[in-house]
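Dear colleague,

Please find below the structure that I am handing over to you. My findings follow it, arranged by region.

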Amino acid sequence: MRILAIETSCDETALALVECSGGLSAPRVRVVKNLVASQVAVHAPWGGVVPMLAKREHLKNLPLVFSKLSAKGGKTRKLVTKKLKTNMLAVTVGPGLEPALWAGIEFAKELQKTRFPKTPLIGVNHLEGHLYSFLLTQKTANIKSEILNLKRLFPAVALIVSGGHTILLRVDSLTKWKKLGETRDDAVGEAFDKVARILGLPYPGGPEIEKLAAKGNPDAIPFPRPMLHSKDYDFSFSGLKTAVLYYVHDQQLIHPEQERGTTNNRQQKADIAASFQKAAVDVLATKTARAAREVGARSILLSGGVAANSALRRRLSVVSRQLSVTFVVPPVHFNTDNATMIAVAAYVAHLRKRRYPLRANGTLGI
Ligand code: KG4
Ligand code: ZN
């Protein structure tokens, strides 16, 4: 079945046309078009996402991205005709910024009314999108067989790490999971973004921290590893961020807003970034590994924007090898927000006959 999906929960206006088949036992995904219009330049001067600006940009971008989706040409010449065909429309209803979510929902309703009157429109949970993004690793040759044989992946432990969430799940099948733990304060992506701001790096901070960390010594500063040894599977990243803030102030080495610095300062900034990143990755990997052992997991599924971080990917890949479990992580462009993962979640929701109301719900959980 062909699904047209829309994602506007934060600062990416994303549309995708995706063909899903195979049912719940062996789902297959073929991406016809995956388009993302980023709003980074609009929010960057504010140091973070401004909800009403995000809404305004989505309203502006949605029709433009849609016409690009319907356009003939490129590699997809055979599949996309002028008259776009789809069996289902899907739109993210939460969690996320409510004004931004409404922009997508209203656009989807309008699209259904004017262009696809007989096509069902279903609401999708953004977090389920991230969770199911592991199905988008199919294209990776060495992972194909495991993915097609889902039985060999479950039970799994899934770590969802994004700008708004840090969640650990036990996943027993495509449709059954249980939350093991989550962050009690800041999400790990939020901590990356805030530490970037402390270091005077531009928004979005995660990729900037990763870049700078590559030039630093990860063992230079012993930042705390909050809740590393707690018996539960919860996380806390606010204390780690504050430790970085105090370190920067105590040392009086770096002016927080200072973009550049002396060579020394630049090295110190890199050491801070690398040490912070190592502390965050340590906690995530250690707790995920413990969960995988206790659950008897056959795989670790990593998703969400922070899964784009190569230190985290590397570390979980090593951990998985040590535990003899399969490590599954989609390509980087399916880690950060995209509409393909929303289409995949819509496909599973459709097979389960489960749908979310077409109402923005900023705090929708998983
Ligand atoms: O999933 P996502 O695109 O949006 C949300 O659902 O929140 O995640 C965005 C988060 C941001 O906090 C961003 O800084 C972080 O993912 N991120 C990264 C990297 N790329 C994106 N964090 C660390 N390293 C990266 N390479
Ligand atoms: Zn996301």
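**A buried aspartate**

D234 is buried, with a relative accessible area of 17%. The cut-off for this class is under 20% relative accessible area, so D234 falls within it. Please bear in mind throughout that this is a predicted model. D234 is found in the loop that runs between helix 7 (205-213) and helix 8 (238-251). Setting aside residues up to four places away in sequence, D234 touches G181, E182, R184, M227 and K287.

**The zinc site**

Which residues coordinate the zinc ion (ligand 2)? The donors are H126 (NE2), H130 (NE2) and D337 (OD), at 2.0 to 2.2 Å. Their spacing in sequence is H-x3-H-x206-D. H126 belongs to helix 4 (residues 126-132), while D337 sits in the loop between strand 10 (326-328) and helix 11 (340-351), so the pair ties together parts that are 211 residues apart in sequence. Are these two residues buried or exposed? H126 is buried, with a relative accessible area of 6%, and D337 is also buried, at 16%.

Helix 6 covers residues 188-198, and its buried residues are V188, G189, A191, F192, V195, A196 and I198. After this helix comes G200, whose phi is positive, near 75°.

L284 lies in helix 9 (residues 263-295) and is buried, with a relative accessible area of 1%. What does L284 contact, leaving aside its neighbours within four places in sequence? Its partners are L159, V161, T166, V188, F235, F237 and L312. One of them, V188, is among the buried residues of helix 6. L284 and I105 are 179 residues apart in sequence, and their C-alpha atoms are 33 Å apart in space.

**Strand 2**

L17 is part of strand 2 (residues 12-21). With a relative accessibility of 0%, L17 counts as buried. Between L17 and T326 there are 29 Å in space, C-alpha to C-alpha, and the two are 309 residues apart in sequence.

**The chain as a whole**

The protein chain has eleven helices and ten strands. How does its radius of gyration relate to that of a compact globule, and what is the value? For 366 residues a compact globule would have a radius of gyration near 21 Å, and the protein chain has 21 Å, which agrees. Along its principal axes, the C-alpha trace spans about 65 × 45 × 35 Å.

Buried residues account for 55% of the 366 residues in the protein chain. Of the contacts between residues at least 6 apart in sequence, 73% join residues at least 24 apart.

The protein chain exposes about 16,000 Å², of which carbon and sulfur atoms supply 54%. As for charge, the chain carries 52 positive and 28 negative charges, and the mean positions of the two sets are 11 Å apart.

With kind regards

Note on methods:
Residues are numbered from 1 along each chain as its sequence is written. Chains are lettered from A and ligands numbered from 1 in the order in which they are written. This is a predicted model: local features need pLDDT of at least 70, side-chain atom pairs count only at pLDDT 80 or more; totals for chains, interfaces and linings use all residues. Side-chain values use heavy atoms; hydrogens and water are left out. Donors are N, O and S atoms within 2.8 Å of the metal (3.2 Å for Na, K and Ca); water is not among the atoms, so sites may look incomplete. Helices (H or I, at least four residues) and strands (E, at least two) are DSSP runs, numbered from the N terminus. Buried means under 20% relative accessible area, exposed over 50%, partly exposed in between (1.4 Å probe, protein chains only). Contact means heavy atoms within 4.5 Å. The radius of gyration is taken over C-alpha atoms; the globule rule is 2.2 Å times the number of residues to the power 0.38. Accessible areas come from the Shrake-Rupley method with a 1.4 Å probe; for residues, only the protein chains shown count as cover. Lys and Arg count as positive and Asp and Glu as negative; His and the chain ends are not counted. The place of a charge is taken as NZ of Lys, CZ of Arg, CG of Asp or CD of Glu.
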